[in-house]
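Try each task yourself before you read its solution.

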Amino acid sequence: MLLLPILALLSIPFCIAASTQSTHEKLVKLAAANNGVIKLDESTYNLLTSPKRNWSASIHFTALDPRRRCGPCKEFDPAFNAVAKAWTKVPEAERDSHFFATADFDNAMGVFQKLGLQTAPVVHIHPATEGPHRPASGRTTPIVYDFANGFDAGPLAEQLSQFTPVPIPYKAPFDWARIGTAVGVLLIVASGIRVLSPVLRSRWIWAAGVVLTSLIMTSGYMFVRIRGMPHTGGNGQWIAPGYQNQFGQETQFVSFIYGLLSAAFLMLILVTPYQTNPARQRLQIYLWSGVILVMFSVLISFFRVKNRGYPFKLLL
């Protein structure tokens, strides 16, 4: 009579081992059927996180239904799937010792309530509780993945590799968009250089640039910029008293006068001598000489306004 109870007690470890083995085989099939990712409900979650397990697992909690309006979930989901797919390339012995799984809120609501999860996405790493892959530290409670490095697949694979039997062989896909953008920019630059080449090789363009730069700099632009002078005074005054002060509007005024004087001299030198009509040539001489005289008078008057002790005067 005592033989049957004794045999029953001796068979319990073998039953548990057989049950664990059948659970593991079921998980392997579920992972293989979906590119290495097990779709969890409450039942499969309990199987995957069985208290007696010789495998580890990375579980991704998410809410992908459009009604949940979870933008981060949609952003992170491709990265988790990419890392799980990379894990399928590992040899079978190591691959079947770690599982990747996804629990969607609408399919595993009871699991979310059980764990007290109120946000998503969340990743839990469950270490093995027994067997050769049990952590040396003895910790078997879930470890929460830190999203400090964002939702990219690279940092995810690097951190999860600390809990897998072998490192996850994830490689970032080739960024064709970046290459295409670089090629497009180079083509645009090359086309622009080809179109602008005649302009850039024109001595008149460079001469105009040099003249304009000289006018701006000799008008006190850098003085105003370095000293941080305002555009005008507080009461609307645009001429700062004294030679050691200058408003931004003064720079514009002085550069305009210098530019007009320069243009008048250039007209007298480069244009007027080549006029074939004597009357037109004479008119231009009078015109540009008058401009020079008036502008010099304005410039000297400006100096007198700026510094009352300036002793010179031309017309004004």
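Predicted model: local features only at pLDDT ≥ 70, side-chain atom pairs only at ≥ 80, totals over all residues.

Residues are numbered from 1 along each chain as its sequence is written, and side-chain values use heavy atoms, with hydrogens and water left out.

**Exercise 1.** Work out how the rings of Trp-55 and Phe-99 are arranged.

*Solution.* Start with the rule: rings of Phe, Tyr and Trp (its six-membered ring) pair if their centres lie within 6.5 Å, and planes under 30 degrees apart are stacked, over 60 edge-to-face, the rest tilted. The structure holds 13 such aromatic pairs. In this one, the centres are 6.3 Å apart and the planes sit at 80 degrees, so it's edge-to-face. (Helices, H or I of at least four residues, and strands, E of at least two, are DSSP runs numbered from the N terminus.) Finally, check burial, where buried means under 20% relative accessible area, exposed over 50% and partly exposed in between (1.4 Å probe, protein chains only). Trp-55 has 1% relative accessibility, so it's buried; Phe-99, at 2%, is buried too.

**Exercise 2.** Which element gives the most to the largest nonpolar core?

*Solution.* A nonpolar core is a set of buried Ala, Val, Leu, Ile, Met, Phe, Trp, Tyr and Cys residues joined through side-chain atoms within 4.5 Å. The largest has 19 residues, and Phe-76 is one of those with the most contacts inside it. Two or more residues come from each of α3 (71–87), β4 (122–126) and α6 (153–160). Of these, α3 gives the most, with seven residues. Another core, of 18 residues, lies apart from it and includes Phe-99.

**Exercise 3.** Find where Met-295 sits and what it touches.

*Solution.* First, locate Met-295 in helix α11 (residues 278–306). Its relative accessible area is 14%, so Met-295 is buried. Then list its contacts (heavy atoms within 4.5 Å): beyond neighbours within four places in sequence, Met-295 meets Ile-257, Leu-260 and Leu-261. Last, look at the record: an unreviewed UniProt entry places "transmembrane region" at stretches including 285–305; such annotations may be inferred rather than shown by experiment. Residues 285–305 are 100% helix and 0% strand, with end C-alpha atoms 30 Å apart.
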